[in-house]
Amino acid sequence: MYLSRFLSIHALWVTVSSVMQPYPLVWGHYDVCKTQIYTEEGKVWDYMACQPESTDMTKYLKVKLDPPDITCGDPPETFCAMGNPYMCNNECDASTPELAHPPELMFDFEGRHPSTFWQSATWKEYPKPLQVNITLSWSKTIELTDNIVITFESGRPDQMILEKSLDYGRTWQPYQYYATDCLDAFHMDPKSVKDLSQHTVLEIICTEEYSTGYMTNSKIIHFEIKDRFAFFAGPWLRNMASLYGQLDTTKKLRDFFTVTDLRIRLLRPAVGEIFVDELHLARYFYAISDIKVHGRCKCNLHATVCVYDNSKLTCECEHNTTGPDCGKCKKNYQGRPWSPGSYLPIPKGTANTCIPSISSIGNLPKFNRIWPNISSLEVSNPKQANVCDNELLHCQNGGTCHNNVRCLCPAAYTGILCEKLRCEEAGSCGSDSGQGAPPPGSPALLLLAAVLGTASPLLF
Ligand SMILES: [Ca+2]
């Protein structure tokens, strides 16, 4: 009776949970870098690919305006409403907090009325173009995970370019062009993200979708990250495994969503009409109330935590890696070349940990990045695992590979790859010869053996 009631409640909970689950359970969240598991050898660490949570990245940016003195209010000036050139009773005064519109008001908490916003000086120097660059810098590579959303307080600009940098602002590439007339402004045919496909997802387009005149009431401009994800993950982003698979194997795609800086280039303010009203230039200016940028620190799948310390973002690297992006192996952990983690196989991925350096055993076998693949999951005969071969797993010190199962070593050497002097085992080497050699059974050698196991996909 109680059992059946429990089972039915349990069944109900499972149903409710699966309905409430926004994404299917089949794709990983990659929120753990390692766990302890029990094996025949006892407790050991099991490593997996991991990444920090996606978060609001505007909390960590530095904003720079160019020209630097383009913010309104110094000296104080009045400006007119866009729709009514005779309504000029708004004032901007940088020295009065209630009337100032500094850049930080683009990133404060929004949702209050009236909204807070940054505003530029008006177009008083017409016909010289009123142009402003707004640069957002993280001093850290970040991966965008949601649409960039810019909310304008006044009309959306007639011409604008969103740009990105991957090298801390040294070089810039366009992300998207925005114009009321793409052909006129940028000599580009207007396109929408919906015109793109999996094969053209990296194309840089000019869109008229967000400019004045199209939907005059809207104040928002998007850079559509999610629509681009959807080409791989489906319209509801349910098939994230497919997206992660693509990100894993296509560096260009991954780099497309990676930035260190963004730059909003405002090239021509909203005019709202065909001609500029030269008698009422105080109608023309830029004003932005909110900018949303969601993303995560890029840690190469080697960290779940990204700390903000001294105005700087840094990954807290696991898997024996180090560097701001966990982009290299720690000292003494260079037993094989550094490699980013891999999202595959879903859901845990592959950690590609750095392993201890073993300085005393001559040249280590060269390991390529361990690419997990789907076929590796289908092979389950560990007897076929290679101990040595002619490509990756070379026998050392003149040893020869016998049927891929063992190295035949010269008399003076021993070990799986003949990497060790036999006298070391006996403890009879000269005092100099054993410098730096790991003791028999040391973690370093055990790790080497472990690597040999994992280096062969046949062991999966
Ligand atoms: Ca605001």
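**Notes on a predicted model: loops, a sheet and a helix**

1. Let's start in a loop: Asn 352 sits between strand 20 (328–329) and helix 6 (374–378). Helices here are DSSP runs of H or I with at least four residues, strands are runs of E with at least two, and both are numbered from the N terminus. Asn 352 isn't a glycine, yet its phi is positive, about 50°. Asn 352 is also buried, with 26 other C-beta atoms within 10 Å. Buried means that 20 or more other C-beta atoms lie within 10 Å of the residue's own, exposed means 12 or fewer, and partly exposed is in between, with C-beta atoms placed from the backbone.

2. Before going on, keep in mind that this is a predicted model: local features need pLDDT of at least 70, side-chain atom pairs count only at pLDDT 80 or more, and totals for chains, interfaces and linings use all residues. Residue numbers run from 1 along each chain as its sequence is written.

3. Asn 320 is buried, with 21 other C-beta atoms within 10 Å. For background, most residues other than glycine have a negative phi, and most peptide bonds are trans.

4. Now for the cis peptide bonds. One runs from Asp 66 to Pro 67, with omega near 0°; another joins Asp 74 and Pro 75, with omega about 5°. Pro 67 is in the loop between strand 4 (62–66) and strand 5 (77–79), and Pro 75 is in the loop between strand 4 and strand 5 as well.

5. Next, an open sheet: 4 strands in the order 7-15-9-13, paired antiparallel. Its edges are strand 7 (118–119) and strand 13 (220–223), each pairing on one side only. Two strands count as paired if DSSP finds at least two bridges between them. Strand 9 (residues 148–152) and strand 13 are joined by 4 bridges, and Thr 151 has Ile 220 of strand 13 as its bridge partner.

6. Finally, helix 3 (residues 225–233). Its buried residues are Ile 225, Arg 228, Phe 229, Phe 232 and Ala 233. They share one side of helix 3 because they cover an arc of only 130° around the axis, taken from the directions from the helix axis to the C-beta atoms. Just after helix 3, Gly 234 has a positive phi of about 85°.
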